[in-house]
Amino acid sequence: FFIEKDFNADEGKKFFAHYEANDWKTSDGKSIRDWQALAVNWMDRTELFAEENTPNKKGASQNRDNLKTTKTKDYGQPL
């Protein structure tokens with residue numbers, strides 16, 4: 001089914017293993033009536049998670065002093 005929808009077969013294996021381990025029941029304990037709709041939902045969520053988990057390309061700013069500390073330090077000064 002996952003291959004027919006042009007999706008990764010490994011993700012199909014994860015889907016099957018997940019619901020097989022849960023005896024083909026939803027999180028609230030109800031039996032699954034339409035596994036194909038559930039699989040489509042799984043594929044949609046997988047794509048959303050992939051977008052959310054992309055690393056931030058900007059990273060931390062090295063140009064700004066985020067802690068607002070001075071650049072010159074006097075280590076002889078008591079805390």
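The dialogue below goes through a few features of a predicted model.

Colleague: Which rules apply before reading any feature of this predicted model?

Modeller: The model is predicted, and local features need pLDDT of at least 70, side-chain atom pairs count only at pLDDT 80 or more, while totals for chains, interfaces and linings use all residues. Residues are numbered from 1 along each chain as its sequence is written, and side-chain values use heavy atoms, with hydrogens and water left out.

Colleague: How many helices and strands does the protein have?

Modeller: Helices (H or I, at least four residues) and strands (E, at least two) are DSSP runs, numbered from the N terminus. This protein has two helices and zero strands. Helix α1 covers residues 9-21, and helix α2 covers residues 35-52.

Colleague: What share of the residues is buried?

Modeller: Buried means under 20% relative accessible area, exposed means over 50%, and partly exposed is in between, using a 1.4 Å probe and protein chains only. Here buried residues make up 14% of the 79 residues. The areas come from the Shrake-Rupley method with a 1.4 Å probe; for residues, only the protein chains shown count as cover. The protein exposes about 7400 Å², and carbon and sulfur atoms supply 51% of that area.

Colleague: How many salt bridges are there, and which residues form them?

Modeller: Side chains of opposite charge can pair when their charged atoms come close. A salt bridge is a side-chain nitrogen of Lys or Arg within 4 Å of a carboxyl oxygen of Asp or Glu. That rule gives two salt bridges. One joins Asp10 and Lys13, with the closest N and O atoms 4.0 Å apart. Because these two residues are three apart in helix α1, about one helical turn separates them. Asp10 is partly exposed at 45% relative accessible area, and Lys13 is exposed at 59%.

The other joins Glu11 and Lys14 at 3.7 Å, N to O. Both of these residues also lie in helix α1, three residues apart, about one turn of the helix.

Colleague: Is Glu11 buried or exposed, and what does Glu11 touch?

Modeller: Glu11 has a relative accessibility of 12%, so it counts as buried. A contact means heavy atoms within 4.5 Å. Leaving aside residues up to four places away in sequence, Glu11 touches Phe2, Trp42 and Thr46. For the whole protein, residues 24 or more positions apart account for 45% of the contacts with a separation of 6 or more.

Colleague: How many aromatic pairs does the structure hold?

Modeller: Rings of Phe, Tyr and Trp (its six-membered ring) pair if their centres lie within 6.5 Å; planes under 30 degrees apart count as stacked, over 60 as edge-to-face and the rest as tilted. A search of the whole structure finds ten aromatic pairs. In one of them, Phe15 and Trp42 have ring centres 5.4 Å apart and planes at 80°, so the pair is edge-to-face. Phe15 is in helix α1 and Trp42 in helix α2, so this pair ties together parts that are 27 residues apart in sequence. Phe15 is buried at 4% relative accessibility, and Trp42 is buried at 11%. Ring pairs link a cluster whose members include Phe15, Trp42, Phe1, Tyr19 and Trp24.

Colleague: What is phi at Asp23 and Trp24, and where do these residues lie?

Modeller: Asp23 has a positive phi of about 55° although it is not a glycine. Trp24, also a residue other than glycine, has a positive phi near 55°. Asp23 lies in the loop between α1 and α2, and Trp24 is found in that loop as well. Asp23 is exposed at 58% relative accessibility, whereas Trp24 is partly exposed at 27%.
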